[in-house]
Amino acid sequence: MCFAARRGASASRIQRRRRWRRREKRRMLRQAIHRGLKSSFYWLGLFVSRHPVFFLTVPAVLTVVFGSAALSRFQPETELEALVAPAHSLAKIERSLANSLFPIERSKHKLYSDLHTPGRYGRLILLAKAGGNILELAEQVLHVHRQVLELRVSHKGFNYTFAHLCVLRHRDKRCVLDDILSVFEDIRAAVLANSTLAKVPVSYPNTTLKDGRVAFIGHQLGSVVLAPHSRDQQVKSARAIQITYYLRNLRPMVQDAIAEKWENEFCKLAHRLATASQDLYIQWLTSFSLWRDFHKTGVLAKSEVLVSLVLVLLAATISSSMRDCLRGKPFLGLLGVLTICIANVTAAGIFFISDGKFNSTLLGIPFFAMGHGTKGVFELLAGWRRTRENLPFKERVADAFADVMVCYTMTSSLYIITFGMGASPFTNIESVKVFCQSMCVAILVNYFYVFSFYGSCLVFAGQLEQNRYHSVFCCKIPSVEYLDRQPTWFKTMMSDGHDLSTHHDSVPYQNHFIQHFLREHYTEWITNTYVKPFVVILYLIYASFSFMGCLQISDGYNIVNLLASNSPSVSFALTQQKLFSNYSPVIGFYIYEPIEYWNSTVQEHLKTLGQGFNKISWIDNYFNYLKVVNVSASTKSDFINILKNSFLKSPEYQHFTEDIIFSKNGDEYDIIASRMYLVARTTEKTREEVVELLERLRPLSLINSIKFIVFNPTFVFMDRYSSSVVSPILTSGFSVLTVLILTFFLVINPLGNFWLILTVTSVELGVLGLMTLWNVDMDSISILCLIYTLNFAMDHCAPHLYTFVLATEHTRTQCIKISLEEHGAAILQNTSCFIIGIMPLLFVPSNLTYTLFKCSLLTTGCTVLHCFVILPVFLTFFPPSKKRHKKKKRAKRKEREREREREREEIECIEVRENPDHVTSV
C-alpha cells in the first residue's frame, strides 16, 4: 500500500510538472510574439529615423492631392430617406405593393403623414393668438389661402401658379384641397350673411360638408374644444388650422425644378405673411425643409470647428511644454494635432473621390479621429521621454516606437474592427454605414500619418535636442558659465534643466508638470488606504445611476433630433406635435386579394379588424346607404350592381371610386382590391403609439384569412428602427469581445485582456445609462457615439492596464503608481484636448451637435474616472498578484548573495596562496 501511495504521489507530481511545462511554453510563446512585435516596430522606427525627409514629404504631398480633390468633388447628400430610414424593412415592400394597387401619388392627400409626406408639397399652420378662436378668423385664413393660390413662379418666360402644379382629383380634374377650407368658406359666408357660427355646425373629428360628404378633419383642426353635452361632438373653439398644398410628382427635371421654385417662393411668402399678420402666427413646411435643416447643421458648425481646432492646438502646445528649454517639446504637441488634421483632410479626399456625399452626421468624424490620433501622438511623446538621453536620437526614436506602437496598433485595429462591423451589411441605416466606412478610412490614414509624418517630426526634434538647440527658438543653448553671467529672465528662458536634474529626480523628463503632479501628489493620494472606501462608494453610485438609465432607454426615431434647433422645421414639428397629435397618421388598409364582401361573416371580420379606429371606409358608408334606401345586397350580383350603378354615382359617395379596383370577367364584375383608412386616437407621444399600432396590425396581416397590408409614409422611417439602430453597437461590441477573448493566449498576461473587457463594459454601460438620464435618445448619432466609446475606453485603458499587469514591483500599489506615471500624462493630455475640442459644439444651434457633445463629454468623463479613480483602487484589491515577482526577486537576491560568497571565498583562497604568512598572522 505504501508503494501504491508513492506511485500515486509521483504521478500527481508528474502531472503538475506537465501542466507547469505547458504553461511555461504558452508564456514563452506569448513573450516571443511580444518581443517580435516590439523588434519589428523598433526597426520601423529606425527606418523612419534614417529617412525622415521621405516620410515627411509623402504625407504632405498626399494631403495636397486629396485635399484639392475633396474641394473639387464636394457634394451634399440630397436623399434624406436613404440616409436615416432603415434600408431593409417590410414598410418599403408594403409601399411598393400599395403603390402598384393605388398609386400613392394620387392618394397622398388621404394618407396624411406629419413630416414624411411623399412628393413635393407646402404646408401651413395658422395659429390664433393666445386665447383666440381660429374659427372666428375665417377671413384672415382664407386671405392667406388666396395668397398661396395666386403665388406665381416664372420659368423661361412662363408664369406658373398652384393650379398648374397641383394634384388633380380623379373625378373632376380640379385641384385637391383640404376639406377644412370648405368649412371656412361656409363660416365666411355665414358671417357675411350676419349669421352666427352656430349656424355652421362643425363636428370633430368627422364633419359633414355642404355637398353631403363626411370628411375627416382630425389633422386639419388643432387644439379643439368641444361643446359640452353635444351628441355629435360639435366644435366650440379651435386654436389652429393646418393646410397642405400637394404638388404633382412631375417626372421631367424641368417640371420638378418649377415645383422646387414654387416651394422656395412658398417659404418666402409664408415668411412675409407671418411678419405682416396681426392676428395669426404662421409656420410653414415644404418637402425640402427637412433636408435643408438637416444639412444646415454642417453649415452652422463651420466657424465652431475652426475655433475647436485653434483651442486644441493651444491645449496640445501648452500641455507638451516644460520649463526645460532643451527637453520641452511644445511644437511637437502642435505638430501632432496638425498631423491628425492633415490626415483627416486626406481621408476626406479619399471619401469624396470614391463618390461619397457629405451629410451632417459626418461632422463627428474629425473629432473622433482627433481623439484617437492625438492619443498616439502623446503616447509617442511620452515614450520619447522614457528613453535614455545618452543614446543617439535615431535609437531613441526606435525605442519610442518599440515601446508605444504595439499598443497603438492594437487599439487602431480594434477601431477598424468595430467601425468595420458598423459598416457591414448587418447595419440597416445608411447614415451609420457611411459614417463607419469613413471612420475606418480616417483611422487607417491617421495611423500611417502618426508613424510617418509625426515620426519624422520626432526625429528632427530629437536631432535638435541632441545638438542642444532651444526647443522653441531653435538657437544654440549657451553654456552654464555664460548663463551664470546673464539676468534671471534670460536664465529662465534658456535653462536646459541642468539645475533641475540635480534634485532627487534622476530623469530630467520627469519634471514635466503633469508627470510631476502625478508622481508627487496624485499617486500617493489615490492609493491612500483612507481614500479607497470612498472610491468604492463612488463606483457604486456610478453603477446604480448607469443601471437606472439603462432601464429607461427610449428610441430616437424622431427626425427632429437631427435638425438645426432654430430651424422652421423644428418649430413646425413641435407645434404640430402639441396641437395636432390627437389622432395618428392616416393608415391605409389595403385588401389586395378578392374576398366576399357581401358575406356577413366577412363583414363581421372586417369590423373586428377596424375596431377601436376611426374609419374612413367605403364599406361602412355603403352599408349605411343600403339601410337608408332599404335595399338588401346579400348576393354577389346585387352587391356589385348596387355598388357600381347607384352608390358610387351619388355625389356624396363618388369619391370612393378611387378606393375600389374592379375587374370585368365576362358580363360580371369582381372586386380584386380595395382600401379604407384607419385613424387611431393618440396623445402627444404619437410616434411611440404609431409604432405600437404597426406592431399590432402587422402580425394580424400575416395570419388573417383576409389578406391585407397597412401603410403610411411614416412607417418607412419607423419600421424596424429600434433593431436597426441597436444592431451596429451590438455587432461592434461582440466583435471586440470576441477579439479580446481570442487573443487571451497571445498577450503576455491574459488578465490584461480580462480587466480590459470589464473596464470597457463598465464605461460603455455608464455612458449608455447617463446618456439616457440626460435625455439623449437612441438615434443614429448616439449609436455612433457608443461605438466610439468602446474604442475610446480601450484606447486609454489598454496601455494603463497592460503596464500594470506586466510590472514586476513588489506590491500592486507600486505597480499602479508606475502605470499612472508612465501613461497618466498622455491620458490627461489627450482627454483635456478632446474636451476642449468638443466645447465649441455646445454653441452650434443644432440638436445633432447637442447629442454629439453630450455623448462625447460622457465618454471622456467616464473614461477618465476609470483610468484615474476606479482602476487605481480596484487593481490594488484584485488579481493579478505580485507575490510571484516578490518571490522571484528574493530568489534572485539570494542567488546574488551566494555568488558574492563564492567570489569572497575565491578571493580569500587567492590571498592565502600569495601571502601565507599574512594569513597566519591574521
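A: Let's begin with one term: two residues are in contact, or touch, when heavy atoms of theirs lie within 4.5 Å. Keep in mind too that this is a predicted model.

With that in hand, look for Gln-283, which sits in strand E8. Leaving aside residues up to four places away in sequence, Gln-283 touches Arg-123, Leu-124, Ile-125, Ser-571, Phe-572 and Thr-575. Now compare sequence and space: Gln-283 and Leu-126 are 157 residues apart along the chain, yet their C-alpha atoms are 6.8 Å apart.

Four strands form an open sheet in the order E6-E7-E1-E8, with antiparallel pairing. The edges are strand E6 (221-226) and strand E8 (280-286), each of which pairs on one side only. From one strand to the next, the twist averages 20 degrees. Inside the sheet, strand E1 (residues 121-128) pairs with strand E7 (residues 235-246) in the antiparallel sense, over 7 bridges. Ile-125, one of the residues that Gln-283 touches, stands opposite Gln-242 in E7.

Helix H6 lies across E1, E7 and E8, and runs at about 0 degrees to E7. Helix H8 (residues 180-192) lies across E6 and E7, running at about 125 degrees to E7.

H6 also has a helix partner. Two packed helices are described by the angle between their axes and the distance between the axes. The axes of H6 (residues 138-149) and helix H9 (residues 253-276) come within 10 Å and cross at roughly 150 degrees. Because of that angle, H6 is roughly antiparallel to H9. The crossing of the two helices is right-handed. Which residues of H6 and H9 meet? From H6 come Val-144, Gln-147 and Val-148, and from H9 come Trp-262, Phe-266, Leu-269 and Leu-273. Sorted by class, this contact has 6 nonpolar residues, 1 polar residue and no charged ones.

Finally, here is the whole chain for context. Its secondary structure comes to 32 helices and 13 strands, and buried residues make up 51% of its 922 residues. Among contacts with a separation of 6 or more, 78% join residues 24 or more positions apart.

Note on methods:
Residues numbered from 1 in each chain as written. Predicted model: local features only at pLDDT ≥ 70, side-chain atom pairs only at ≥ 80, totals over all residues. Heavy atoms only, no water. Axes fitted to C-alpha atoms, helices over the stretch in contact; angles between N-to-C directions. Parallel < 35°, antiparallel > 145°, perpendicular 65-115°, else oblique. Left-handed = near helix turned anticlockwise from the far one by under 90°. Nonpolar A, V, L, I, M, F, W, Y, C, P; charged D, E, K, R; others polar. Pairing = 2+ DSSP bridges. Buried < 20%, exposed > 50% of the residue type's maximum accessible area, 1.4 Å probe, protein only.
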